[in-house]
Amino acid sequence: MRIHLASLYVDDQIKALRFYTEVLGFVLKAQDPPGAGTWLTVVSADEPDGPQLLLEPESHRAIAPFKRALFDDRVPFASFEVDDVVAEYERFVALGVKFLRPPIDTGSAIIAQLDDTCGNLIQLTQER
């Protein structure tokens with residue numbers, strides 16, 4: 001069994017697509033039909049046939065309060081693995097990305113947490 005698709009609820013699909021592709025470096029996989037309110041997925045540029053991340057509109061009434069509670073409590077909604085958290089942190093800060101937690105060494109990993117501008121706290125992880 002493998003992960004094929006994971007959902008990430010966003011408050012604005014077009015803004016999310018720009019952030020996840022132009023800033024984080026993901027690649028558009030599917031957009032059907034084009035425009036807002038669509039089936040919109042991105043993938044890692046390193047794994048174009050790998051797991052897809054669905055940038056899903058937060059249309060259900062429970063999603064916005066759920067996301068806000070996670071964000072306020074600094075609980076990341078998703079975690080992305082990177083080779084070098086410190087290098088990615090520096091690159092993203094230069095692009096204007098807001099971090100709620102700069103890189104810290106937890107012993108088993110180095111982590112940092114960023115605001116994806118779409119209501120989610122995203123963790124970057126470098127495994128040891």
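This is a predicted model: local features need pLDDT of at least 70, side-chain atom pairs count only at pLDDT 80 or more; totals for chains, interfaces and linings use all residues.
View 1. Side chains of opposite charge can pair when their charged atoms come close.

**View 2. The salt bridge between aspartate 49 and lysine 29.** The side chains of aspartate 49 and lysine 29 form a salt bridge with an N to O distance of 3.5 Å. Lysine 29 is part of strand β2 (residues 27–32), while aspartate 49 sits in the loop between β3 (39–43) and β4 (52–57), so the pair ties together parts that are 20 residues apart in sequence. Aspartate 49 is exposed, with a relative accessible area of 74%, whereas lysine 29 is partly exposed at 38%.

**View 3. The salt bridge between aspartate 11 and lysine 15.** Here the side chains of aspartate 11 and lysine 15 meet, at 3.5 Å from N to O. Aspartate 11 is partly exposed, with a relative accessible area of 44%. Lysine 15 is partly exposed as well, with a value of 27%. The count of salt bridges in the model comes to six.

**View 4. Strand β8 and the strands paired with it.** Strand β8 (residues 121–127) is largely enclosed by the rest of the structure, because six of its seven residues are buried. Strand β5 (residues 78–81) runs parallel to β8 and is joined to it by four bridges. Within this pairing, phenylalanine 80 has leucine 124 of β8 as its bridge partner. Strand β7 (residues 109–115) runs antiparallel to β8, with seven bridges between them.

**View 5. The hairpin of β7 and β8.** Strands β7 and β8 form a hairpin with five residues between them. Threonine 117, in the turn, has a positive phi of about 70°.

**View 6. A patch of negative charge on the surface.** The patch gathers Asp46, Glu47, Glu81, Asp83, Asp84, Glu90 and Glu127. One of these residues, glutamate 90, is found in helix α3 (residues 85–94). Glutamate 90 is exposed, with a relative accessible area of 52%.

Conventions:
Residues are numbered from 1 along each chain as its sequence is written. Side-chain values use heavy atoms; hydrogens and water are left out. Patches are made of residues with over 30% relative accessible area and no salt bridge: like charges are joined within 9 Å, nonpolar side chains (Val, Leu, Ile, Met, Phe, Trp, Tyr) within 5 Å. Accessible areas come from the Shrake-Rupley method with a 1.4 Å probe; for residues, only the protein chains shown count as cover. A salt bridge is a side-chain nitrogen of Lys or Arg within 4 Å of a carboxyl oxygen of Asp or Glu. Lys and Arg count as positive and Asp and Glu as negative; His and the chain ends are not counted. The place of a charge is taken as NZ of Lys, CZ of Arg, CG of Asp or CD of Glu. Helices (H or I, at least four residues) and strands (E, at least two) are DSSP runs, numbered from the N terminus. Buried means under 20% relative accessible area, exposed over 50%, partly exposed in between (1.4 Å probe, protein chains only). Two strands pair if DSSP finds at least two bridges between them.
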